[in-house]
Amino acid sequence: MVINNEPTTKMKVVGIEDDENLDNIEVVIGVGVLSQFGKKGYCGLKVEEIFKDVLFDNGNYDSNLVVTESLPVLLKRNTGSVPIYKYISKATVEIPAYVQHAIRTKYEDLLSRSIRNNKKRQDCIDKTVNHIVSNNDPNKSLWLISFLQEENIDIESLGNFLRDYYKNNPDIFSNGRSADKTNFRRLIKIYDWLKYYRTKES
């Protein structure tokens, strides 16, 4: 239905070199550009989206923008408990100082003091991920895997377990038990470090 025959400019196709003011445009179609709206969106990424993307590799995020726009905000909001290595390994921009400060070069630094102090007391320390998963329920496995020796953690076995766990517990981030949520997040950070940092550095 046509209400008014007077022409108006409410939609704009933006070209690669176009820097026209868009304040009065309601719909923007960008060609070859990252609009100011898209860049702003990376500041609003939720930490759960980062965890899931590291696990499933399906977020299709721009690593440069995650590193410069998302991670500094998320690290501050989550006391540094954010997987960062996937994006750092793929970024081609300078890593912000706050993100650099969060980089851990040793596997042990990914673990809590309690886990480090009690590792040798666990009978499972020399087992493998598959052994733990086969002999324990999923929630207990989330806890026990953190006690394994670094060299006994197969990256793909860990990734498969975590992906299966999430598929069976899709509300883990919002409604999971506090302990399970903490253990799940920790293992994703370990998976992220092993796959994107240790592999690259070795």
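These legends accompany several close-up views of a predicted model.

The model is predicted, so local features need pLDDT of at least 70 and side-chain atom pairs count only at pLDDT 80 or more, while totals for chains, interfaces and linings use all residues. Residues are numbered from 1 along each chain as its sequence is written, and side-chain values use heavy atoms, with hydrogens and water left out.

**View 1. The protein chain as a whole.** Helices (H or I, at least four residues) and strands (E, at least two) are DSSP runs, numbered from the N terminus. Read from the N terminus, the order is β-β-α-α-α-α-α-α-α-α-α-α-α. Of the 202 residues, 39% count as buried; buried means under 20% relative accessible area, exposed over 50% and partly exposed in between, with a 1.4 Å probe and protein chains only. Among contacts (heavy atoms within 4.5 Å) between residues at least 6 apart in sequence, 58% join residues at least 24 apart.

**View 2. Aspartate 180 in helix α11.** Here we zoom in on aspartate 180, which belongs to helix α11 (residues 178-201). Aspartate 180 counts as buried because its relative accessible area is 6%. Its side chain makes a polar contact of 2.9 Å with the side chain of arginine 177. Such a contact is a pair of N or O atoms within 3.5 Å; within protein, one must be able to donate a hydrogen and the other to accept it, and residues adjacent in sequence count only if both atoms are side-chain atoms. Setting aside residues up to four places away in sequence, aspartate 180 touches Asn139, Leu142, Tyr165 and Ile172.

**View 3. Asparagine 78 in a loop.** Next comes asparagine 78, located in the loop between α3 (63-77) and α4 (85-90). With a relative accessible area of 18%, asparagine 78 is buried. Beyond its neighbours within four places in sequence, asparagine 78 is in contact with Val47 and Arg185. Valine 47 is 31 residues from asparagine 78 along the chain, and their C-alpha atoms are separated by 8.1 Å.

**View 4. Two domains contribute to the lining of the largest pocket.** At least three lining residues come from each of domain 1 (39-103) and domain 2 (106-201), with bounds taken from an automatic or database domain assignment.
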